[in-house]
Amino acid sequence: LYGKLYIESASYFRICSLINFINIFCFAPLLIGAKKVKDYAFIMFSVAVLLYGVDYLFVNYASVSALMLTVVSLICKLILNLLMFRLVSKIVNENWYMLIPLKSLSVTILYSAIAGLITYFCYKGAYRDNVFMNLCITFSIYSIILISMMYKTFIWTRIKMLFNNGKFIK
């Protein structure tokens, strides 16, 4: 990660930067509005020190693969999100797990997994040389399957609500 193959690690850092931007975009406005900037900065700094400290130890003393460093990064990002949810839950006086829509997430993950498996098995035997064409075809198959499976679920009710002047229609 910190060696001669810096080009490969540059893409890893771009992904991490994007994830950090998304975390800032999600949590910062609420926490700044609630005047919890010090708590927000402390959590961000603590998780960053944890991430780079563990990465440094793993690279220098454990000689692990880049995949393991990605797993460590994912775990640190999960810790960051849980700490942010905990901080937000203190602001709104609610349990932190009540802020996470577990039912919606589980339905989305289940539908995505089913659509991904169907796409994989449908396209597994068809090999083409053009990578871009493979990407377009598999994305189209996946999207069609996922949208058709979610037609009568929560996403469509939310879309209907947006187009009906904010009135919830069952």
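1. Helices here are DSSP runs of H or I with at least four residues, strands are runs of E with at least two, and both are numbered from the N terminus. The model is predicted, so local features need pLDDT of at least 70 and side-chain atom pairs count only at pLDDT 80 or more, while totals for chains, interfaces and linings use all residues. Residues are numbered from 1 along each chain as its sequence is written, and side-chain values use heavy atoms, with hydrogens and water left out.

2. Helix α2 itself covers residues 37-62, which is 26 residues. The expected span of a helix is 1.5 Å times one less than its number of residues.

3. Which residues of α2 are buried? They are Tyr40, Ile43, Met44, Val47, Leu51 and Asp55. Buried means under 20% relative accessible area, exposed means over 50%, and partly exposed lies in between (1.4 Å probe, protein chains only). In the protein chain, buried residues make up 20% of the 170 residues.

4. How many aromatic pairs does a search of the whole structure find? The search finds two. Phenylalanine 27 and phenylalanine 85 form an edge-to-face pair, at 5.6 Å centre to centre with 90° between the planes. This pair links distant parts of the chain, with phenylalanine 27 in helix α1 (residues 6-33) and phenylalanine 85 in helix α3 (residues 66-92), 58 residues apart. Rings of Phe, Tyr and Trp (its six-membered ring) pair if their centres lie within 6.5 Å; planes under 30 degrees apart count as stacked, over 60 as edge-to-face and the rest as tilted.

5. Phenylalanine 27 counts as buried because its relative accessibility is 9%. Phenylalanine 85, at 23%, counts as partly exposed. Tyrosine 120 and phenylalanine 121 also form an edge-to-face pair, at 5.2 Å centre to centre with 70° between the planes. Tyrosine 120 is partly exposed at 49% relative accessible area, whereas phenylalanine 121 counts as exposed at 54% relative accessibility.

6. The protein chain has six helices and zero strands. Of its contacts with a separation of 6 or more, 57% are between residues 24 or more positions apart; a contact means heavy atoms within 4.5 Å.

7. The protein chain exposes about 12800 Å², and carbon and sulfur atoms supply 72% of that area. Accessible areas come from the Shrake-Rupley method with a 1.4 Å probe; for residues, only the protein chains shown count as cover.
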